[in-house]
Amino acid sequence: MNHTNAEKKTKPVAPKVKELIANTKSVILATVDAEGNSNSSYAPFVQVEQTFYILVSFMAKHTKNLSEGRKTSVMFIEDESATKQIYARERLTLEATTSQIERDSETWNNVIAKLKENHGKVVDVISEMKDFILIALQPVKGSYVNGFGSAYFVDSNLEIIEHRNDVNHQSK
């Protein structure tokens, strides 16, 4: 049986971008190296205004990619154990620009304090290690999905631009 959107519409669920971010402790990272090889990883983060910050080690492959300002994508995703439907996990995917924050700058000190508040005393230890750097992830644009037929374009301020209704899901 063939179902088009005209025959069977899925009502979009109200976007909850800020709630998803608030309920997430780490972000999934997708980076590329100088040769175009992809790498995925994750890092605990904090958000200050519309910027996300991660404290990462140069021992990890993604850190060099991030520090050199290469293309980066970040994903916030609902916990698998909390989802009602594994194929429709709530998620926010953003393209982001990156910049390294100078050690011991005002921004460094403020963000490190917030990381410690959110993620514990381990931040005191790793922030003193010289291979750890602080990276700012500034959103450019992205997409937010919170169910079947419920996908949205997101701007750099993490605001919904419009519902993505340009693709009709069809059955064979």
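This is a predicted model: local features need pLDDT of at least 70, side-chain atom pairs count only at pLDDT 80 or more; totals for chains, interfaces and linings use all residues.
Modeller: Residues are numbered from 1 along each chain as its sequence is written, and side-chain values use heavy atoms, without hydrogens and water.

Colleague: Why is Y87 called exposed?

Modeller: Exposed means over 50% relative accessible area, buried under 20%, partly exposed in between (1.4 Å probe, protein chains only). Y87 has 68% relative accessibility, so Y87 counts as exposed. Y87 lies in the loop between β4 (72-77) and β5 (91-101).

Colleague: Which residues form an aromatic pair that is edge-to-face?

Modeller: Rings of Phe, Tyr and Trp (its six-membered ring) pair if their centres lie within 6.5 Å; planes under 30 degrees apart are stacked, over 60 edge-to-face, the rest tilted. By this rule there are four aromatic pairs. F45 and F76 form one that is edge-to-face, at 5.2 Å centre to centre and 80° between the planes.

Colleague: What does the pair of F45 and F76 tie together?

Modeller: F45 lies in strand β2 (residues 38-48) and F76 in strand β4, so the pair ties together parts 31 residues apart in sequence. Strands here are DSSP runs (E, at least two residues), numbered from the N terminus. Both F45 and F76 are buried.

Colleague: What makes the pair of Y144 and Y152 tilted?

Modeller: The angle between the planes is 35°, with 6.3 Å centre to centre. Y144 and Y152 are buried.

Technical notes:
Helices (H or I, at least four residues) and strands (E, at least two) are DSSP runs, numbered from the N terminus.
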